[in-house]
Amino acid sequence: NDCFWTYAKNCINTLKSIDKFYNYISIFFFVIFFILISYNLHIETPLWSDENLAIELSRNKLFYQFFKEVYSDVHPPLYHLILKLSFVTFGENVFAARFPSYLFTLITCFLLIKKFKNNSQYKFIFFSLFLSTWSVIYYSQEVRSYTLILFISTLVYFNFYERILLKKENFKIFCILTILSILIHYICFFFHTRFLFSWSYL
């Protein structure tokens with residue numbers, strides 16, 4: 001019996017050590033990721049045409065003029081409205097233009113951390129794959145709606161996940177998230193329709 005309990009205690013201590021290792025590595029990845037997406041947030045760099053269009057639609061206008069012009073754009077208005085609020089809050093500068101994309105990248109990151117907080121190995125896999133993805137780092141500072149789409153789509157995915165595995169009735173939340181995503185980009189309608197069709201068979 002003494003040998004068994006000694007062996008079990010050693011196994012538990014080994015698992016705790018592994019968890020600590022994964023946690024330290026995860027923290028290291030997050031610090032590197034945070035530096036990469038934050039270091040030139042305020043620096044003037046050349047913007048491409050769609051970024052300039054988004055900025056032009058959102059700056060130097062009263063709100064009634066803003067809504068009048070934004071509906072002439074081919075994209076839905078929600079991202080432009082958030083960008084407008086950023087300009088109102090921080091002034092008309094590069095930081096204000098990039099801040100919404102930066103913010104939604106961080107919120108998505110913290111959302112995933114919260115989901116994986118009780119599993120150090122999943123947390124490590126998340127940090128090593130998601131946070132090292134070049135496109136996530138790149139779009140975190142682009143004046144476009146992609147990180148907002150990533151955030152809403154992540155919420156939709158976890159909403160669907162809870163419906164399947166946890167048997168939670170959350171169809172209303174799914175509908176709200178789907179509407180919000182369509183107000184960001186029309187392509188989300190086709191992405192989330194797949195979840196809707198799958199939902200009907202659950």
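By class, the lining of the largest pocket comprises nine nonpolar, three polar and three charged residues. The volume of the largest pocket is about 260 Å³. A pocket is an open set of points on a 1 Å grid over the protein atoms alone, with protein on both sides within 12 Å along at least five of seven lines, and lining residues have an atom within 4 Å of a point.

The model is predicted, so that local features need pLDDT of at least 70 and side-chain atom pairs count only at pLDDT 80 or more, whereas totals for chains, interfaces and linings use all residues. Residues are numbered from 1 along each chain as its sequence is written, and side-chain values use heavy atoms, with hydrogens and water left out.

One cavity of 30 Å³ or more is present in the structure; a cavity is a set of grid points where a 1.4 Å probe fits but cannot get out. The largest cavity holds about 40 Å³ of space. Its lining consists of His75, Pro76, Tyr79, His80, Arg144, Ser145 and Ile184, divided into three nonpolar, three polar and one charged.

Ser101 is placed in helix H5 (residues 94-116), helices being DSSP runs (H or I) of at least four residues. With a relative accessible area of 0%, Ser101 is buried (under 20%; exposed is over 50% and partly exposed lies in between, with a 1.4 Å probe and protein chains only). A polar atom of the Ser101 side chain lies 3.1 Å from the backbone oxygen of Arg144. Not counting residues up to four places away in sequence, Ser101 touches Tyr79, Tyr139, Ser140, Gln141, Glu142, Arg144 and Thr147 (heavy atoms within 4.5 Å).

Eleven aromatic pairs occur in the structure, a pair being rings of Phe, Tyr or Trp (its six-membered ring) with centres within 6.5 Å; planes under 30 degrees apart count as stacked, over 60 as edge-to-face and the rest as tilted. The rings of Phe30 and Phe110 are tilted, because their centres lie 5.6 Å apart and their planes are at 50°. This pair links distant parts of the chain, Phe30 in helix H1 and Phe110 in helix H5, 80 residues apart. Phe110 is partly exposed, at 46% relative accessible area. Phe99 and Tyr102 also form a tilted pair, 6.4 Å centre to centre with 40° between the planes, and both are buried.

Definitions and conventions
Helices (H or I, at least four residues) and strands (E, at least two) are DSSP runs, numbered from the N terminus. A polar contact is a pair of N or O atoms within 3.5 Å; within protein, one must be able to donate a hydrogen and the other to accept it, and residues adjacent in sequence count only if both atoms are side-chain atoms. Grid points are joined across faces, edges and corners, and a volume is the space filled by probe spheres set on the points. Ala, Val, Leu, Ile, Met, Phe, Trp, Tyr, Cys and Pro count as nonpolar, Asp, Glu, Lys and Arg as charged, and the others, Gly among them, as polar.
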